[in-house]
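Please keep the sequence and the structure in view while reading.

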Amino acid sequence: MGKNNTRFIMQFAVLAIVLSAAIMVKESTSIPVCNIDTNDLEKCRPAVTGNNPPPPGPDCCAVARAANLQCLCPYKPYLSTVGIDPSRVRPLLANCGLNSPSCF
């Protein structure tokens, strides 16, 4: 495995651990990832999970507007490991009046 692949795997592992811990612990310490406060992820969870998710609320849209969406692109294949349906991200962003990065 090349140096870049190893670095990416390590970055993903850290992100997955941080996001999983933040989701499981209701009062966890806030950790910013791509300008998203991990405690704020729950504001968008209903809009990116399930078969018929509701539209995102104003709090979720505020989180999406603050996020560095392009920064999330390398992690798209792994979003499902933290309970986020990647196919729901583009509709969420559209409902919030945001343009999706090309990766979504």
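Where is the place of C61? In this predicted model, C61 is found in helix α2, a helix that spans residues 58-66.

**C61 and its surroundings**

- C61 has a relative accessibility of 7% and therefore counts as buried, given that the term applies under 20% relative accessible area.
- Once neighbours within four places in sequence are left aside, C61 is in contact with P56 and C96.
- C61 and G97 are separated by 36 residues in sequence, while their C-alpha atoms lie 8.5 Å apart in space.

**Helix α2 and its two faces**

- The buried residues of α2 are C60, C61, V63 and A64; viewed down the helix axis they fall within an arc of 155 degrees, so they line one face of the helix.
- The face of α2 that is turned away from this buried side carries P58 and D59, which are exposed.
- The packing partners of the buried residues of α2 are β2 (36-37), α3 (69-72) and α4 (89-95).

**The largest nonpolar core**

- The largest nonpolar core has 23 residues, of which I36, L72, I84, V89, L92, L93 and F104 touch the most other members.
- Helices α2, α3 and α4 each supply at least two residues of this core, and the largest share, four residues, comes from α2.
- For I84, one of the residues that touch the most other core members, the contacts beyond four places in sequence are V48, L79 and V89.

**The loop between β1 and β2**

- C34 is placed in the loop between β1 (32-33) and β2, and its phi is near 55 degrees, a positive value in a residue other than glycine.
- N35 lies in the loop between β1 and β2 as well, and its phi, near 65 degrees, is again a positive value in a residue other than glycine.
- Is C34 buried or exposed? With a relative accessible area of 10%, C34 is buried, whereas N35, at 54%, is exposed.

**Disulfides**

- How many disulfides does a search of the whole structure find? The search finds four, and when the bonded cysteines of the protein are numbered in sequence order, the pairing is 1-5, 2-3, 4-7, 6-8.
- One of the disulfides joins C34 to C71, with an S to S distance of 2.0 Å; the torsion about the S-S bond of this pair is about -60 degrees, so the disulfide is left-handed.
- Because C34 lies in the loop between β1 and β2 and C71 in helix α3, this pair ties together parts that are 37 residues apart in sequence.
- Since C44 lies in the loop between β2 and α2 and C60 in helix α2, the pair ties together parts that are 16 residues apart in sequence; both C44 and C60 are buried.
- A further disulfide joins C73 to C103, with an S to S distance of 1.9 Å, and with -70 degrees about the S-S bond this link is left-handed.
- The pair of C73 and C103 links distant parts of the chain, with C73 in the loop between α3 and α4 and C103 in the segment after α4, 30 residues apart.
- Within this pair, C73 counts as buried at 14% relative accessibility, while C103, with a relative accessible area of 23%, is partly exposed.

Notes:
Residues numbered from 1 in each chain as written. Predicted model: local features only at pLDDT ≥ 70, side-chain atom pairs only at ≥ 80, totals over all residues. Heavy atoms only, no water. Buried < 20%, exposed > 50% of the residue type's maximum accessible area, 1.4 Å probe, protein only. Arc of directions from axis to C-beta. Contact = heavy atoms within 4.5 Å. Core = buried A, V, L, I, M, F, W, Y, C linked by side-chain atoms within 4.5 Å. Disulfide = S-S within 2.5 Å.
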